[in-house]
Amino acid sequence: MEQFTHAILSASYLGIFLVVFAETGLLLGAALPGDSLLILAGIAAASGQLSLGGVIGVVVAGAILGSLVGYLLGRRFGPAIFSRQNSRLFKPEYRERAEEFFARQGPVSVMLARFMPFVRAVVPTLAGISNMPFGLYMLYSVLGALLWGAGLPALAYFFGQRIPGLDHYVLLIVAAVLVLSVVPLLIKAAQARR
């Protein structure tokens, strides 16, 4: 864990920005450590190694800009990808389902996706593919970025100041956050199979 902490601190604000941007704006960013990065950065701010305001600023900026890029990529390339009738992965009916979903639950989904690993990497692109209205998308994307980007580091900062040696338990904390964020998805998937 010390190597991860050292890597974050040496990359500082630019590294945090780039990880959050890639995770939310590029589909390949799904494997990046968003939640653990925010928790670690909040704890580092509590120990005085980073500024909490700086961490929140770069996280929110990276999340907003990344989701904007993901949306625009989906809007630009999605229709062509989903127009092939014989495609196994990108069938036109999948796009139609995405459009129906975002018409019904798009705003809340965009905001809540920030708190779910892997989901936050694909929702911006899917929202663009489904032609969710840009203004509505950006409103909820910014709200989600503010809640996630300020809330998680601030919470880690708060506990980091009150619990000595909290940085030694980052892996346990990250595991708990991951489980808590994945459980709703598993419950929803189980309900859908019934």
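Among the contacts in the protein with a separation of 6 or more, what percentage comes from residues 24 or more positions apart? The figure is 78%. Please keep in mind that this is a predicted model as you go through the views below.

View 1. The protein has 7 helices and 0 strands, and its pattern along the sequence reads α-α-α-α-α-α-α. Of its 194 residues, 39% count as buried. The protein exposes about 10700 Å², and carbon and sulfur atoms supply 68% of that area.

**View 2. The surroundings of Val-59.** Leaving aside residues up to four places away in sequence, Val-59 touches Ile-16, Val-20, Leu-38, Trp-148 and Gly-149.

View 3. How many salt bridges does the protein have? The count comes to 1. Glu-23 forms a salt bridge with Arg-120, and the closest N and O atoms are 3.0 Å apart. Glu-23 belongs to helix α1 and Arg-120 to helix α5 (residues 119-129), so the pair ties together parts that are 97 residues apart in sequence. Are the two partners buried or exposed? Glu-23 counts as buried because its relative accessibility is 1%, under the 20% limit. Arg-120 is buried too, with a relative accessible area of 3%.

View 4. A search of the whole structure finds 4 aromatic pairs. One of them is formed by Tyr-71 and Phe-134, a tilted pair with 5.5 Å centre to centre and 55° between the planes. This pair links distant parts of the chain, with Tyr-71 in helix α3 and Phe-134 in helix α6, 63 residues apart. Another view of Tyr-71 brings in Tyr-137: the ring centres are 4.6 Å apart and the planes are at 20°, so the pair is stacked. Tyr-71 lies in helix α3 and Tyr-137 in helix α6, so this pair ties together parts that are 66 residues apart in sequence. Together, Tyr-71, Phe-134 and Tyr-137 form one aromatic cluster. Both Tyr-71 and Tyr-137 are buried, with Tyr-71 at 1% relative accessibility. Phe-134, by contrast, is partly exposed, with a relative accessible area of 39%.

View 5. Which residues make the nonpolar surface patch of about 310 Å²? They are Leu-26, Leu-73, Phe-77 and Ile-81. Leu-26 sits in the loop between α1 (2-25) and α2 (34-46). With a relative accessible area of 34%, Leu-26 is partly exposed.

**View 6. Asn-131 in the loop between α5 and α6.** Here is a backbone detail to look for: Asn-131 has a positive phi of about 60°, although it is not a glycine. Where does Asn-131 lie? It is in the loop between α5 and α6. Asn-131 is partly exposed, with a relative accessible area of 34%.

**View 7. Ala-175 and Asp-35.** Ala-175 is found in helix α7 (residues 170-193). At 38% relative accessibility, Ala-175 counts as partly exposed. How many residues separate Ala-175 from Asp-35 in sequence? They are 140 residues apart in sequence, while their C-alpha atoms are 9.9 Å apart in space.

Technical notes:
Residues numbered from 1 in each chain as written. Predicted model: local features only at pLDDT ≥ 70, side-chain atom pairs only at ≥ 80, totals over all residues. Heavy atoms only, no water. Patch = residues over 30% accessible without salt bridge, like charges linked within 9 Å, V, L, I, M, F, W, Y side chains within 5 Å. Areas by Shrake-Rupley, 256 points an atom, 1.4 Å probe, with all protein chains shown as cover. Salt bridge = Lys/Arg side-chain N within 4 Å of Asp/Glu carboxyl O. Helix = DSSP H or I, 4+ residues; strand = E, 2+ residues; numbered from the N terminus. Buried < 20%, exposed > 50% of the residue type's maximum accessible area, 1.4 Å probe, protein only. Contact = heavy atoms within 4.5 Å. Phe/Tyr/Trp six-rings, centres within 6.5 Å; stacked < 30°, edge-to-face > 60°.
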